[in-house]
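Here are a few notes from my pass through this one, as numbered points. Have the structure open while you read.

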Amino acid sequence: MAGFTHLFIPGPTNIPEQVRQAMNLPMEDMRAGSFPDFTLPLFEDIKRVFKNETGRVFIYPSSGTGAWEAAMTNVLSPGDRVLMSRFGQFSHLWVDMAERLGFDVEVIDCEWGTGVPLDLYAERLKADKAHRIKAIFCTQNETATGVTSDVAGCRAALDASNHPALLFVDGVSSIGSIDFRQEEWGVDCAVSGSQKGFMLPAGLGFLSVSKKALAASRTATHRRCFFSFEDMIRANDAGYFPYTPATQLLRGLRASLDLIAEEGLDAIFARHHRLGEGVRKAVDAWGLKLCAKAPEWHSDTVSAILVPEGIDSGDVVKRAYQKYQTSLGGGLNKVFGKVFRIGHLGWLNEVMVCASLSAAEMALLDCGVRLAPGAGVGAAMKHFRDSGEMLVAKA
Ligand code: PLP
C-alpha cells in the first residue's frame, strides 16, 4: 500500500526521526571506560521528567509491567496490605499482579469510566488507625477507558489522616505527556515505560522512587532478583548495569530526553491538552460519548469513544486499518466491542490528530454510524484554528 500507515493507538506511539536516528548506531561496549560518561547524565536527566529531585530512577530492560513488579517486590513484603482501585484493564492487571505476588489487596471496584475514588480512599485511610495499609495505588491514566485520576488528591487523602502508607502511581500513559510532580505530590514509586510519552520503542521500564521508597526497600522482604534495587544501585552508581543493557534504546532515550527538554514539559502538557480537546470536540460533533463519565476524568493522552448500540467497535477499528491504513485502539475487557480508542500522545501535532479523526470518521460511516461527513474533523479544525498558534510550524 502506498503512503504511511498511521499509528494512533495509545502506545507504542510515533517515534521522532531524531530518536530513530539516534538508535541507528553500531553495538557498543557497555563495559567500556567511557560508558558512564553517557549513562550518569542520563540517570540524572530522566529524573526531571518525573520531577523527582531527591530520589532516583531505575531504567529496566523491560516494559512498564516489569517496572510495576520492580516497585512492588522491592518496596513491600509478602502479606502487606495494599489499597487499590479497579476501573479499567490496566488497573485490573495491576490488582491481579499484586494478588499473584502475595499481597493482601483491599480493592475498590469502581464504574469503568471513572477513576480513583478519593473519598473512599480517604475513608479507608482514616479508619485504618493501626496503619495496616502499607501502600495505596493510583493509576494516573487508565488507558483502556481514557480516564485520568487525581494523584495530588491521593497525597491529600494520605496527609488528611496522617497516614504513613506509600503512594504508588502507574504513569505509563501519562508521565511525560500530562502533569506529574513526584516530589511535590509525595509519590514514592512512579512507573512508566518507553513507548508512550517518551516516544521510544517498547523495551524500557522506568521506575522513579522517592527516598522513602528506597529506605523501605532496605527492610522489605519480598523476594526479588532481576529487578533488585540493590543490584541496580551498585552498578548504576558506577555508570553500569547489573546485566546487558539495551544500549540502542538508551541512546534513543538520550535523544528523547533532549527533545522533551527542548520543548519543555509545560509546553508538552499544553500541547496534549489542546490535541485532546480537539478530539473531544470531534466526538461531540459526531454525537457520540466518551467512556469517561465526566470532564474531571477526561484524559489528554487517550480518548475511548463509545459507539452507538448495535455497532461493534471492533468493526470500526478493523475498517480503519484495512481500508484507511490507520491503527486505532480497540475496546478491552468490559468495554470490548463498545469503545474504540484514539491515542493522542507523544510525538504528534494538530494535522496528525485531524488524520486520525478523518480515518475514524470514515470507518464510523462505513460501519453504519449516522453522522455528517466532516463534522468531527471540522470541529477539531475549528478548535485548533481558534485556540492559538500551530505548535510545529516555525516559519
Ligand atoms: N499501565 C498502563 C496505564 C498502560 O497503559 C500499560 C500499557 O499500555 C501498562 C500499564 C503496561 O505497560 P507495558 O505494556 O509497557 O508492560
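1. Let's begin in the sheet: strands β5 (residues 133–139) and β8 (residues 166–170) run parallel and are joined by five bridges. One of the pairings to look up is A135, whose bridge partner in β8 is L166. Keep in mind that this is a predicted model.

2. Zooming out, that pair belongs to an open sheet of seven strands with mixed pairing, in the order β2-β10-β9-β8-β5-β3-β4. At the edges stand β2 (56–60) and β4 (104–109); each has a single partner strand, so one side of each is left without a neighbour in the sheet. On average, neighbouring strands are turned by 20 degrees against each other, direction ignored.

3. Helix α5 (residues 118–127) packs on this sheet, where it touches β3 (81–86), β4 and β5. The direction of α5 makes about 175 degrees with that of β5.

4. Now the ligand. Which residues are around the ligand? They are S63, G64, T65, W68, F90, N141, T143, D170, V172, S173, Q195 and K196. By class, that shell has seven polar, three nonpolar and two charged residues. Helix α3 (residues 64–75) gives the most to the shell, with three residues.

5. Some polar pairs to check: a polar side-chain atom of T65 lies 2.4 Å from an oxygen atom of the ligand, and for a polar side-chain atom of T143 the distance to a ligand oxygen is 2.5 Å. For Q195, an N or O atom in the side chain is 2.8 Å from an oxygen atom of the ligand. On its own the ligand has 390 Å² of accessible area, and the protein covers 88% of that.

Definitions and conventions:
Residues numbered from 1 in each chain as written. Predicted model: local features only at pLDDT ≥ 70, side-chain atom pairs only at ≥ 80, totals over all residues. Heavy atoms only, no water. Near = heavy atom within 4 Å. Polar contact = N/O pair within 3.5 Å; in protein donor to acceptor, adjacent residues only side chain to side chain. Areas by Shrake-Rupley, 256 points an atom, 1.4 Å probe, with all protein chains shown as cover. Helix = DSSP H or I, 4+ residues; strand = E, 2+ residues; numbered from the N terminus. Nonpolar A, V, L, I, M, F, W, Y, C, P; charged D, E, K, R; others polar. Pairing = 2+ DSSP bridges. Axes fitted to C-alpha atoms, helices over the stretch in contact; angles between N-to-C directions. Contact = heavy atoms within 4.5 Å.
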